[in-house]
Amino acid sequence: MRKLRPPHRGRGKAGDATKKPPRTELVPVKQLEWVEEDPNSSANSTFGFFAAGSRLGLQFVAETGVSRPHGSFRDLIRSKARRKGKKQGEDAQAASRSSSSCFASNADTDSERSRTATPTSSGLVTPKTPPKTPQALLWPGLENSLIDPFLTLPISEVGGTQFLIHNYFSIFKTSYAPLFQKEDLLSFALSDAASLHALLVHSALNLRGIEQLKQDPDMLYHQGETIRLINDRLKDPEQQVASDATIFTVANMTHLEILSGELNGTKIHMDGLEALVKSRGGIQGLESHPLTRKATMWTDIVAAVALDAPPRFTLMELWPPSPPPPEPSYSPIAHRYKTKLSNLTGLPSLAEETISTHLALRSITALKGTICFSPNSSQGPLDFETSAHTIESLERRCLSIIQSPLLEPYSPSPIHTIYSLFGRASLIHIMVFMRESARRLPFARILSNRIRDCLGSVDLSVFQIQYPELLMWVLVMGGLGGAGTENQMWFAGLLARAARAVGVVGVSDVEMVCSEWLWTRLYMDEVTEGFWADFEVAQGMESAAEEGEGDWKGMEVDEGSLGYRFSA
């Protein structure tokens with residue numbers, strides 16, 4: 001195609017029009033018009049700013065007024081029109097093809113995003129080059145623009161990223177005084193691709209349920225990307241010392257193994273997490289990033305519960321802990337129980353550790369109650385968050401009581417079961433009511449099952465005589481830990497029989513008896529309503545049995561013969 005140049009040399013810089021114009025029959029110039037230049041034309045350099053953002057440049061071309069074009073101008077216009085029409089048709093076909101396959105294509109992976117994005121001084125990530133396919137047009141819906149309308153996330157939009165972030169932030173409940181602020185978790189995850197993928201797996205898990213863990217495509221995608229990114233980091237010889245983000249991500253992935261019930265996978269992940277923490281010099285090496293340390297310690301304790309094994313990170317590594325809350329005033333029942341435990345079990349050191357742990361539990365529970373139910377108090381959620389070391393220490397002390405080597409010679413003896421009952425009930429109290437972890441997680445249910453197994457091997461009438469307050473509290477913890485399962489019904493019936501045996505009637509009386517040992521108003525909320533309703537129904541049946549309308553079987557629980565139905 002012939003190139004055109006202005007047919008005049010006036011009012012321009014020297015050299016602007018050095019060639020003679022083509023020989024065309026034109027009338028004098030009356031107006032100027034912008035038209036597209038040939039992509040192959042060397043004149044693009046004149047308009048470098050436009051050429052940088054587009055394949056097309058611009059140039060001045062003389063026009064002949066309003067008359068119809070003739071000669072080479074007519075050929076030029078027709079040629080441009082044919083080319084433009086053909087190009088628009090190709091673009092429409094390409095857009096249609098990409099639109100029909102957008103949900104099946106994973107072309108825009110995180111590795112591609114990392115090559116086309118760079119951090120700016122503000123801490124955000126901005127694309128260096130525009131994406132080949134504008135995903136905002138291919139993924140319609142409000143969820144795409146609520147969180148990241150400018151595509152600044154460290155990961156791609158594949159796998160419902162925007163929606164899962166919105167779900168995580170808006171659906172997960174805000175607790176009274178959590179050790180983990182969900183805003184802090186999300187803020188940290190947004191700074192690292194692997195951490196964000198791992199967090200979104202948990203968001204999808206909350207949305208779709210544990211049964212979809214190995215079926216849902218979004219969960220599979222984010223889980224696969226997390227594993228790929230972590231493996232790339234572990235292969236990097238320059239990353240011999242694990243970063244906070246890598247440890248945080250592996251801790252989150254270990255949770256998934258626990259939730260799915262894969263004990264072998266849990267052990268393997270814990271081995272990896274332990275090795276990463278050792279590369280930092282032990283758990284104390286994470287003190288520079290408290291969020292990662294708390295996530296690691298929480299993962300360690302739930303893995304120990306699931307595996308029924310000692311925790312990987314010991315109490316000594318946490319020294320010095322944060323100052324514990326002030327101890328409550330002298331407790332006559334604690335002194336009495338210390339003497340009983342020491343005399344009946346013959347283990348004075350373990351009895352002393354049990355009562356010391358009990359007093360620390362009362363202290364942290366009182367602090368939590370003040371924060372939750374005393375709005376005018378000077379103490380707030382931050383005061384409880386600073387007690388993270390105390391919570392972590394108490395969890396490990398409970399596990400050390402359960403797994404104490406002092407109990408090994410007496411393991412067949414039912415009288416020593418009181419220590420494991422106390423330790424497991426205390427862990428339920430800490431996990432569900434101090435940490436306020438989700439009730440749907442399996443950790444409390446695992447502990448509830450083990451309490452039930454222990455109770456099946458002992459004579460409860462003996463425990464009720466020696467430890468009435470402690471036994472009643474253990475039954476309450478077993479029922480609340482097993483909320484929504486058959487354990488809820490089983491413990492409600494057993495608590496009703498134990499209460500009637502000592503003249504305790506109604507929930508208020510149970511609260512009064514348990515308060516001498518340990519109680520919090522958090523035991524009475526909308527989630528625990530089912531257990532307390534089951535207890536009241538069971539007590540009604542026990543009262544009818546005492547009046548001769550049924551058979552009284554002491555402390556033995558037989559759901560089949562009770563003849564009543566517990567509420568779900």
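1. Contacts across the chain. Among contacts in the chain with a separation of 6 or more, 72% join residues 24 or more positions apart. A contact here means heavy atoms within 4.5 Å.

2. What kind of model this is. The model is predicted; local features need pLDDT of at least 70, side-chain atom pairs count only at pLDDT 80 or more, and totals for chains, interfaces and linings use all residues. Residues are numbered from 1 along each chain as its sequence is written, and side-chain values use heavy atoms, with hydrogens and water left out.

3. Overall make-up. The chain has 24 helices and four strands. These are DSSP runs, numbered from the N terminus: helices are H or I with at least four residues, strands are E with at least two. Of the 568 residues, 47% are buried. Buried means under 20% relative accessible area, exposed means over 50%, and partly exposed lies in between (1.4 Å probe, protein chains only). The accessible surface is about 29300 Å², and carbon and sulfur atoms hold 56% of that surface. Areas come from the Shrake-Rupley method with a 1.4 Å probe; for residues, only the protein chains shown count as cover.

4. Confidence. The chain's average pLDDT is 74, and 63% of the residues score at least 70. That score is the predictor's confidence in each residue, from 0 to 100. Helix H20 (residues 468-481) has the highest confidence, at 96, while strand S4 (residues 125-127) has the lowest, at a mean of 34. Residues 97-145 stay under 50, and the model has 53 contacts beyond four places in sequence for them. Residues 549-568 are also below 50, with 41 contacts beyond near neighbours in sequence. Where pLDDT is low, the predicted coordinates should not be read in detail.

5. Salt bridges. The count comes to 17. The rule asks for a side-chain nitrogen of Lys or Arg within 4 Å of a carboxyl oxygen of Asp or Glu.

6. Arg228 forms a salt bridge with Asp232, with the closest N and O atoms 3.7 Å apart. Both residues lie in helix H9 (residues 217-235), four residues apart, about one turn of the helix. Arg228 is partly exposed, at 26% relative accessibility. Asp232 is partly exposed too, at 41%.

7. A bridge between distant parts. Arg450 pairs with Asp308 in a salt bridge, the closest N and O atoms being 4.0 Å apart. Arg450 sits in helix H18 (residues 443-455), and Asp308 in the loop between helix H12 (290-307) and helix H13 (332-345); the two are 142 residues apart. Arg450 is buried, with a relative accessible area of 19%. Asp308 is partly exposed, at 44%.

8. Glu486 and Arg452 meet in a salt bridge (4.0 Å, N to O). This pair links helix H21 (residues 486-501), which holds Glu486, to helix H18, which holds Arg452, across 34 residues. Glu486 is exposed, at 55% relative accessible area. Arg452 is partly exposed, at 23%. Elsewhere, salt bridges with shared partners join Lys267, Asp271, Glu274, Lys278 and Arg312 into one network.

9. Arg424 is in helix H17 (residues 417-434). Leaving aside residues up to four places away in sequence, Arg424 touches Asp308, Ile402, Leu447, Arg450, Ile451 and Cys454.
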